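I would like to walk slowly through one protein model, so please have the sequence and the structure open while I talk.

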Amino acid sequence: MHACSTDGLRKEDARKCALVMRAICDGIWDWKIKTGAVAFDPRYYTMVGFEPFEFPGTFDEWAKRVHPDDLARAKKAIQDHFEGRTPQYQAEFRFKTKQGEWAWILSRGSVIERDEQGKPTRMVGTHEDISSRKAAEAERERLVAILDTTSDLVFTATAEGHVTYMNCAGRNMLGWAGADVSGGKLIADAHPDWATHIVLTEGIPKAIDTGVWQGETAIVAPDGAEIPVSQVIMAHKLPDGQLEYLSTIMRDITDRKRAHEEREKMIDELEARNAELERFTYTVSHDLKGPLITLEGYLGLLREDIACGDSEAIENDMQRMENATRTMARLLSDLLELSRIGRLINPSHDVPLAELAHETVELLSGLIGKRGVVVEIAPNLPVVHGDRQRLLEVLQNLVENAAKYMGEQANPRIEIGARRDGNETVCFVRDNGIGVEPCYQERIFELFQQLDQRIEGTGIGLALVKRIIEVHGGRVWVESEGKARGATFCFTLPGTSETTVA
């Protein structure tokens, strides 16, 4: 009675076991190792497309249909299990179906019987068609290969910001080339401020809510430089609406940003040029009218004086007319020179500022001597970089301007020097003349602006200085405490040396 009950229980357990096995796997096989016979359940035949009578159940027949490239690996997995090196046999291989196609099979098994010598005699296991999984893996590998060829940064992450995948461009851009990013690296590692203020607080919540977020942010390169990027974050959700993962695409927009900045700069420069052109047109028409009116007026007087035979008056009329034509010629010459700045510029060179200073004093020796001006050239002046002839014009105009506007100064003095302002070298021409009141310190660099109309000149000199310095990429300005307090005209030039300034 007891034996019968035990046998009944064993049969019931076996039946339940078979039901469970059929529920959790695609098929079952039973291999009698010594005879080579293999029993397959119906699911196996369905999987490979054969009817039971079309496929002899033997190990040799099975081996014939395993892909040649996979057979050795599958046999080794079996042998490793036979010899106790693995607790279970497991192998993935391609199996040829009745239709001639290759189905990927995942086979697992264990030895359940051995003979007296310990050799395996029976082995049972399961088989599963993993073709879909393999196809998905192959597609993923293909996609990864494609993503690794793009220059855009691409990565996937969890809602908490843990990176689960990053393409080659991204790892190189962030200096993570040798790092395992799967689940380890955080988005915040790329740029803490960007991650905290943009991605985590705005980008990810918006993407989860609407499906996608797009914006411009920045990341930090291995050398510490910030790289501006355009970014798209997409939320991928499961059928029940739960977030599965986030994907992000970033594109380096450094060139685009630079082009935009250059475009904005060109627009600003164009607007400034247009405004200057308007002022130029107005002032030229105004200032050229003066000599023309003078000529017209004295032509009338000249006719009258000729008619009267007044030779002294005739000589005076002709002198006035000659002065007017000289003024107009000087004005036109200066305007032509101003129009050339920025178009006709010679190659740039390193030029000692002291050399330019001494040459300027020599060229203006007549004016300097006539006004009784003492010119001091500071020692250890820097080397400037630019068009030598144009830079000489800068110093000439500044020194000439300083000499003309000394006023009633008893001891006129001009200093040519340089100083350090932070990381910048500032060159200057300083005088102790009439000074420049704050309200005029911007205007004096505009066309035809003269503080004293009685002083000879066209009012173009400082405009020339400003144009030349700006064409070289520098800045120019005046420093003065006001009327009768002197003035210091300053300018900077990119590439100026830092070592020769005292």
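Let me begin with confidence: the average pLDDT of this protein, where pLDDT is the predictor's confidence in each residue on a scale from 0 to 100, is 80, and 79% of the residues score at least 70. Over residues 1-6 the pLDDT is below 50, and this stretch has zero contacts in the model beyond near neighbours in sequence, a contact being heavy atoms within 4.5 Å. Residues 448-458 also stay under 50 in pLDDT, although there the model has 32 contacts beyond four places in sequence. Where pLDDT is low, the predicted coordinates should not be read in detail.

Two notes on how to read the rest. This is a predicted model, in which local features need a pLDDT of at least 70 and side-chain atom pairs count only at pLDDT 80 or more, while totals for chains, interfaces and linings use all residues. Residues are numbered from 1 along each chain as its sequence is written, and side-chain values use heavy atoms, with hydrogens and water left out.

Please look next at strand S17, residues 487-492. How many of its six residues are buried? Six of the six are, so S17 is largely enclosed by the rest of the structure; buried means under 20% relative accessible area, exposed means over 50%, and partly exposed lies in between, using a 1.4 Å probe and protein chains only. Ala487, Phe489 and Phe491 point one way from the strand, whereas Thr488, Cys490 and Thr492 point the other way. S17 runs antiparallel to S15 (residues 424-431), joined to it by five bridges, and S16 and S17 also pair in the antiparallel sense over five bridges. Thr488 in S17 stands opposite Arg430 and also opposite Glu479, while Ala487 is the bridge partner of Asp431.

Which residues have the most contacts inside the largest nonpolar core? That core has 37 residues, and the residues in question are Leu356, Val384, Leu395, Leu398, Ile414, Phe489 and Phe491; a nonpolar core is a set of buried Ala, Val, Leu, Ile, Met, Phe, Trp, Tyr and Cys residues joined through side-chain atoms within 4.5 Å. At least two residues of this core come from each of H10, H11, H12, S14, S15, H13, S16 and S17, and H12 gives the most, with eight residues. Apart from it lies another core, of 27 residues, among them Trp29, Ala74, Phe82 and Tyr89. In soluble globular proteins, nonpolar side chains tend to be buried together.

His472 lies in the loop between helix H13 (461-471) and strand S16 (475-479), and is buried because its relative accessible area is 14%. A polar atom of the His472 side chain lies 3.0 Å from the backbone nitrogen of Asp387. Most residues other than glycine have a negative phi. Asn380, however, has a positive phi of about 55°; Asn380 is in the loop between strands S12 (374-377) and S13 (383-386), and counts as partly exposed because its relative accessibility is 49%. Ala484, in the loop between S16 and S17, has a positive phi near 65°, and counts as exposed because its relative accessibility is 58%.

Finally, there is an open sheet of five strands in the order S7-S6-S10-S9-S8, with antiparallel pairing. S7 (163-166) and S8 (212-220) stand at its edges, each with a single partner strand, so one side of each is left without a neighbour in the sheet.

Note on methods:
Helices (H or I, at least four residues) and strands (E, at least two) are DSSP runs, numbered from the N terminus. A polar contact is a pair of N or O atoms within 3.5 Å; within protein, one must be able to donate a hydrogen and the other to accept it, and residues adjacent in sequence count only if both atoms are side-chain atoms. Two strands pair if DSSP finds at least two bridges between them.
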